[in-house]
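I opened this entry to keep track of what I looked up.

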Protein chains: 4
Amino acid sequence: MKKLTSQIVSDVVRPRPDDSFKGTFGKVTLVGGNENFGGAIIMATMAAVYSGAGLVTTCTAPLNAGPLHSQVPEAMFADMHDDHKVAQLVSAATTVVVGPGLGDNEQSTHTLHVVFDNISDQQTVVIDGSAITIMARDHLSLPAGKVVFTPHQMEWQRLSGIKIADQEPKVNQAKVKELGATVVLKSHRTEIYDGNNIYQLPIGTPAQAVGGMGDTLAGMVGGFTAQFHDQGVKAVLAAVYAHSDVAEQIAARQYIVLPHQISRSLPAYMKRMSSIDRQHQIGFNN
Amino acid sequence: MKKLTSQIVSDVVRPRPDDSFKGTFGKVTLVGGNENFGGAIIMATMAAVYSGAGLVTTCTAPLNAGPLHSQVPEAMFADMHDDHKVAQLVSAATTVVVGPGLGDNEQSTHTLHVVFDNISDQQTVVIDGSAITIMARDHLSLPAGKVVFTPHQMEWQRLSGIKIADQEPKVNQAKVKELGATVVLKSHRTEIYDGNNIYQLPIGTPAQAVGGMGDTLAGMVGGFTAQFHDQGVKAVLAAVYAHSDVAEQIAARQYIVLPHQISRSLPAYMKRMSSIDRQHQIGFNN
Amino acid sequence: MKKLTSQIVSDVVRPRPDDSFKGTFGKVTLVGGNENFGGAIIMATMAAVYSGAGLVTTCTAPLNAGPLHSQVPEAMFADMHDDHKVAQLVSAATTVVVGPGLGDNEQSTHTLHVVFDNISDQQTVVIDGSAITIMARDHLSLPAGKVVFTPHQMEWQRLSGIKIADQEPKVNQAKVKELGATVVLKSHRTEIYDGNNIYQLPIGTPAQAVGGMGDTLAGMVGGFTAQFHDQGVKAVLAAVYAHSDVAEQIAARQYIVLPHQISRSLPAYMKRMSSIDRQHQIGFNN
Amino acid sequence: MKKLTSQIVSDVVRPRPDDSFKGTFGKVTLVGGNENFGGAIIMATMAAVYSGAGLVTTCTAPLNAGPLHSQVPEAMFADMHDDHKVAQLVSAATTVVVGPGLGDNEQSTHTLHVVFDNISDQQTVVIDGSAITIMARDHLSLPAGKVVFTPHQMEWQRLSGIKIADQEPKVNQAKVKELGATVVLKSHRTEIYDGNNIYQLPIGTPAQAVGGMGDTLAGMVGGFTAQFHDQGVKAVLAAVYAHSDVAEQIAARQYIVLPHQISRSLPAYMKRMSSIDRQHQIGFNN
């Protein structure tokens, strides 16, 4: 098991090329937020926007359009119940994030099918929250594209059939290989499996133990994989590390970390990480 | 009568255990906010979230869902008029807060019955504002669970039958024993009765004399009792002390304290209080 | 003509008595904000809340309830088109503010009548914006209570019949005496007439020349007259002075002053002004 | 080609005359923001308000009224689908901004016609985003007034017929002369054409490559041309320079710049630029 260090973030988050435009940094389409869980998709959207994705569109229940634009006018809105629009936006995305606040009923199951049916090979799809639960219960096959799951331990049990007590690295990795996906297994010490390697996140704080923390992580994985799409699993690793690194910095002066505070801190954090001299760092580690 | 000191906060607000997750810190379900008083339940929700409850759901009028998520995307929303959902969310909670902005009519009375009918022994229920008025007028019996009332003096008169002029500690305590509840009697010098002891809050500032201050307190009592549920009445005492302690700190530079400012200050305040060396403090007091 | 100094603010904004509660600081009911001009009543509400009124309720179009609570959860909401509710809230207020964003059509004229019919002698009513225009056009008589008008020069022309070019102090004062009201005549150098004296505001900055500045002033006059209701015209003078004093301080570092920034600066400004040693100040002026 | 320097901003943004009022600084009417792209018109509105326009009204889909007022209560709202109101507000404006988030369908095409039909010679009209696409596709003639286009390279190709690869200064300028408009051609190094001169913006940062950046620019051009309407093309140049100058300052500490952060930074930035001693600067350049 490889322990992640801040090196992964400064490896991935490099200074932007001068002649870039917003298309360079990918499109993220998020799908989630039913009438009850609008906050979840708003937090995920904020994370995608503040981590620097070029264009972000959020498919959610119409009730959530107002607070979405109050929080992040930078994102676009689409009605999650308009299958045609969802299909179009999913097809056009670099990364799709599905699940935050999606809920678990007939409607959300239907929407999940629309998402899966419209993903193609070159795309990344981040599957979070109730989308994992629905997949497990209905035995859905994985969609095309590069799949990233972000389950907590109970969701992983549902998806993998491995009980929490038995979720040992070897067992998990075997299942991950079978799935052909990347899995961010969230817990007190989060682990990331990609079929080849297992990475452990050695940081994180109990101040993160509040609702919405996972939605923010899913949105960040969306923002990083869209923006750094040529970096493969390293983009996922960097997002996971950055999420807890920022949280630890906030927790130095706060008892709890509000998820939206992580997103708002990203532009300054990523600037600092991108400015670190790579050569020097490597030298230092030798 | 025991005078509270900041010791109560640093006793209750201890560093979080490393291997905790959001379930460790309880679930708060808030019920209130009719079409006119949406701000009250939004402020109570903000207080519950910012004081560190693990999961927070707010049952309110649909009109309030938008501004709720604009202010606190970390909270979930449910329609207060959907009895089935309210029942479900009340049953699942560690602490229920009912009353902020609930209003006093047939609909709110009905909702209060739904709440009371679904509370069980292990739960804490914080009863505030118009919920107290309805209880008093309709002579409702106390719900199951650990009951905390947060009346101001007129509401206490309605509930206890004791006129404001006669609200002396002994008389109050006798009534509190009869009720079998904890009572936070809000006034210029707030007192807390739990049937055994009487505690006085020796701090507080006239800068707190603005609308919404009580809603914020109710939300904090909700957040503290859910999160520190093994601390009994001490969790209530700590919330009450913290509320005025933060307010005094803000009032050092402001003529009035906006209730939402107290909530936003809680994560930093609680960090400072949790970092105080207990041994040292006790030494100092000897 | 008396020139106002910052003395008027420190005379009026005194430290709050220790044993006060929110009732001590009055109730403000604001009426305005049709479907197009919701921002106006939101800014007026923010000013009333941040200047320290005890309880604030805003009667406005239902469309505005969401953004009102997103900006100021501390305020309560009522539907401006519900005559019964408006009547009730107007009757219960210490000060009524009518006009910001009210608009000028049949509906707003009707609402203005409802407001005027429910004001009684002990109340203050601040009449602003289109409420002045409607009064002038329909030749409405003044409502009961202490009336404060806050016209700009064109609105004053409509109300008084005095053309802008002829708006000389003597002519204005004669008309003000006839009306039996207080008039805050807004211009590059605002003047306040109360029938006995004329006061001039010697401060103010062109950075204030943006939409919403007058709505904020109306809300502040509402907040000050409710809170300092025993101070008569001095409460109006203090609000007018404070409004431009804060604006000048912000304009020291900004090209324009956003109206909502004035409101948000009030709690700190009023604290500073309330802390000035009166005796010392008077000594200094001798 | 003339390279712009910060001089253009301090030339245009002069200290405001003391006896000004909000009418002095012009009226901006913005038209855009369909049900999906509400954020675009909100960001454009924020830019117009924060750059100091006297009065700002936003014609947009009703769904966007709430978040508009949550973000900028200083702006007024009108229903974009109410032709009569749009016509009235367009006629009354100093500058009209049309296009941000307008979308491209029958409804938006109709609205664009309403806008164009009501513009007269003395007005400035800023045409952005999908408004450019619609014009190009439907071969609409230019409206009356001083027209400013703000296309990116693909939109310019659609409008001018010049392929991106062929967009050389001479070719562009010939087409601009034919159009009789000012064109802000957005790219890695933005160029401004006014038929007589070509200006190049030598600043800008890849941190600006995020959605909403162009909407903010369009709103700033609106705010500057309304406020500094006697400055002709210099007002456009100053807006374009200020937009990237502020962005560079934010990018010194952030990996990406959120568009709304540029708007919020304008009042302080413009203050600094307006305070620069002109004589000194010119001396320094000699």
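I began with the area buried between chain C and chain B, which is about 2,400 Å². Carbon and sulfur atoms give 61% of that area. Buried area here is the accessible area (1.4 Å probe) that two parts lose on being put together, summed over both. Arg16(C), Pro73(C) and Glu74(C) supply 25% of the area that chain C buries against chain B, more than any other three residues.

I noted the ground rules: this is a predicted model, where local features need pLDDT of at least 70 and side-chain atom pairs count only at pLDDT 80 or more, while totals for chains, interfaces and linings use all residues. Residues are numbered from 1 along each chain as its sequence is written, chains are lettered from A and ligands numbered from 1 in the order in which they are written, and side-chain values use heavy atoms, with hydrogens and water left out.

Next I checked who takes part. Chain C brings 34 residues to the contact and chain B brings 28 residues; contact means heavy atoms within 4.5 Å. I did find 13 residue pairs in polar contact, both at pLDDT 80 or more. A polar contact is a pair of N or O atoms within 3.5 Å; within protein, one must be able to donate a hydrogen and the other to accept it, and residues adjacent in sequence count only if both atoms are side-chain atoms.

Then I turned to chains A and D. Here 34 residues of chain A are in contact with 28 residues of chain D. The buried area is about 2,400 Å². Salt bridges number zero.

How is chain A laid on chain D? I read a turn of 90° and a shift of 0.0 Å along the axis, with an RMSD of 0.0 Å. The two copies are thus related as by a four-fold rotation axis.

Last, I looked up Gln71(C). Is Gln71(C) buried or exposed? Gln71(C) is buried, with a relative accessible area of 9% (buried means under 20%, exposed over 50%, partly exposed in between; 1.4 Å probe, protein chains only). Its side chain reaches the backbone oxygen of Ser70(D) at 2.6 Å and that of His69(D) at 3.3 Å. Among the residues that Gln71(C) touches are Gln71(B), Arg264(C) and Gln71(D).

Notes: Copies are superposed by least squares on the C-alpha atoms of residues with pLDDT of at least 70 in both. A salt bridge is a side-chain nitrogen of Lys or Arg within 4 Å of a carboxyl oxygen of Asp or Glu. Lists of a residue's contacts leave out its neighbours within four places in sequence.
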